[in-house]
Amino acid sequence: MFFLPSKSNGQAKADTPASTPSPVRKSAVSAEVAELRPAERDLYEVTEVARRESARDEAYVNLKVRLHQKLLEKINFAALEKLEASQIEMQIGELVRELLQEEQVPLNQKEHGQLVSDIIDEVLGLGPIEPLIKDATVSDILINTYNQVYVERKGRLQLTPVRFKDDRHLLRIIGKIVSSVGRRIDESSPMVDARLKDGSRVNAIIPPLAVDGPLVSIRKFGTMRPSMDNLIAANSITQEIAELLRSIVSARLNILISGGTGSGKTTMLNAMSSFISNAERIVTIEDAAELQLQQPHIVRLETRPANIEGKGEISQRDLVKNALRMRPDRVIIGEVRAGEAFDMLQAMNTGHDGSMTTIHANTCRDATARVEQMVMMCGFDLPIRSIRAQIASAIEVVLQLERMSDGGRRLTSLYEITGMEGDIITMQEIFRYHRLGVDDNGRVHGEFRATGTRPRFVDKFKALGVSISDNMFAPDQKLG
Ligand SMILES: Nc1ncnc2c1ncn2[C@@H]1O[C@H](COP(=O)(O)OP(=O)(O)OP(=O)(O)O)[C@@H](O)[C@H]1O
Ligand SMILES: [Mg+2]
């Protein structure tokens with residue numbers, strides 16, 4: 001990667017015996033590595049590269065941070081903001097050249113260019129992680145204190161050689177991210193949700209809550225364009241299922257999308273929203289705005305955390321209540337987590353049908369139980385039966401998504417909620433994903449099959465002139 005300015009190539013090699021193991025050690029290591037499963041081998045190799053590069057990089061990071069500090073003293077930021085990107089680059093390039101001369105550091109043209117672009121990233125972007133933000137193959141960036149950064153690519157976690165100078169450096173970048181969306185992070189408010197300019201979602205948590213140092217988790221925006229066609233291409237659903245989902249959205253059924261962390265809930269919600277007609281007015285409510293709806297008539301609301309005196313918090317609950325006064329045709333809540341579940345049910349039961357949201361749960365039945373808990377936690381003294389009756393009459397369809405062992409995400413089940421029997425919400429599964437096996441490359445294979453239950457919502461389709469073939473619900477019918 002980069003060469004230490006003070007060492008020649010040859011020296012660097014001689015100085016790092018660990019990177020050139022003896023043949024005996026090498027074969028022992030290769031035997032060990034050969035025993036690893038492919039995923040572990042990848043991780044081993046990445047870790048090994050990171051370890052070898054760390055010594056060289058430390059000096060490089062120090063140089064970069066030193067130059068950056070000097071630059072900060074010299075740069076007039078107010079003037080810089082008025083310039084075009086290419087001019088900024090030129091001016092910073094000039095300054096770096098001057099500073100390097102003062103530092104007496106010999107760099108070749110390529111290294112110099114890299115240094116300039118890294119310093120531009122420091123000044124204008126997010127420092128060491130800027131290249132990861134620009135890397136389209138990276139879907140998540142996980143910073144575990146200043147000296148460890150993991151990324152997720154194609155559903156697999158990998159350690160990277162990227163590191164910050166120290167926790168203060170990392171804190172400065174976190175400060176930059178959160179202040180750009182008008183939030184703050186400090187000891188009195190040590191955890192925050194924010195988003196980057198491109199819409200990527202960021203969570204940061206710092207000491208004293210984070211024991212070893214600041215932690216940042218970034219869910220990159222748009223690594224997978226959330227269209228139904230892409231979900232079909234990724235084998236997450238089939239064409240036939242996509243058509244069924246289109247009918248479900250057109251018929252204005254209320255939908256709950258359930259799944260574990262990172263199982264693709266938000267992506268599915270985005271994709272399903274594409275079936276909403278352009279004539280409708282949609283209000284979206286989120287903690288950190290990450291939905292990307294394509295319709296022309298959308299109004300977006302985002303919660304606000306409390307200020308330094310603990311006042312001024314606007315919760316999702318407040319926003320749902322407010323949204324109902326905004327003449328919405330549809331209300332879309334990014335994810336229900338708490339009391340807003342109650343207001344959402346009210347909305348769904350009082351004419352705002354066609355609403356959609358996501359929820360963190362492991363099965364469709366769990367999802368309804370979680371809604372129930374959220375309503376109970378809100379402090380209303382409602383009998384459990386009445387909460388369940390509200391859920392049963394509000395929510396009509398529950399989808400379950402899963403993140404598979406090969407990193408792919410799939411719709412694994414679709415349930416219809418039909419009503420109540422005694423104190424129990426009755427729901428029936430319409431189709432399910434059957435896992436058939438895993439091939440040599442670790443890819444999961446399987447198929448979607450109908451359970452043989454014809455959903456009652458199909459009658460609603462007919463009334464609305466939405467046609468769907470009843471054949472697809474025949475027992476064991478493969479949904480190709
Ligand atoms: N069907 C899919 N196939 C492959 N990758 C997907 C699919 N759906 C989503 N992804 C990718 O998986 C990651 C998580 O997606 P998404 O944000 O939609 O999940 P989520 O369940 O909403 O996560 P969270 O629990 O963090 O809110 C993203 O990087 C996204 O691009
Ligand atoms: Mg989500």
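Residues are numbered from 1 along each chain as its sequence is written, and chains are lettered from A and ligands numbered from 1 in the order in which they are written. Because the model is predicted, local features need pLDDT of at least 70 and side-chain atom pairs count only at pLDDT 80 or more, while totals for chains, interfaces and linings use all residues.

**Exercise 1. State how many helices and strands the protein chain holds, and what share of its residues is buried.**

Step 1. Helices (H or I, at least four residues) and strands (E, at least two) are taken as DSSP runs, numbered from the N terminus. The protein chain has 16 helices and 15 strands.

Step 2. A residue is buried if 20 or more other C-beta atoms lie within 10 Å of its own, exposed if 12 or fewer, and partly exposed in between, with C-beta atoms placed from the backbone. Of the 480 residues, 31% count as buried.

**Exercise 2. Give the strand order of the nine-stranded sheet and identify its edges.**

Step 1. Two strands pair if DSSP finds at least two bridges between them. The order is E9-E8-E10-E11-E7-E12-E13-E14-E15, in an open sheet with mixed pairing.

Step 2. E9 (298–302) and E15 (444–450) each pair on one side only, and are the edge strands.

Step 3. Direction ignored, neighbouring strands are turned by 25 degrees against each other on average; axes are lines fitted to C-alpha atoms, for helices over the stretch in contact, and angles run from 0 to 180 degrees between N-to-C directions.

**Exercise 3. Describe the surroundings of strand E8 (residues 282–286).**

Step 1. Towards E9, E8 runs parallel and is joined by five bridges; Thr284 stands opposite Arg300 there.

Step 2. With E10 (residues 330–333), E8 pairs in the parallel sense over four bridges. Ile285 has Ile333 of E10 as its bridge partner.

Step 3. Five of the five residues of E8 are buried. Ile282, Thr284 and Glu286 point one way, Val283 and Ile285 the other way.

**Exercise 4. Find the partner of Gly259 and the helices that lie across the strands.**

Step 1. E7 (residues 255–259) and E11 (residues 356–360) run parallel, joined by five bridges. Within E11, His360 is the bridge partner of Gly259.

Step 2. Two residues are in contact if their C-beta atoms, placed from the backbone, lie within 7 Å. Helix H14 (residues 364–377) lies across E7, E11, E12, E13 and E14, at about 115 degrees to E12.

Step 3. Helix H15 (residues 384–394) lies across E13 and E14, running at about 120 degrees to E13.
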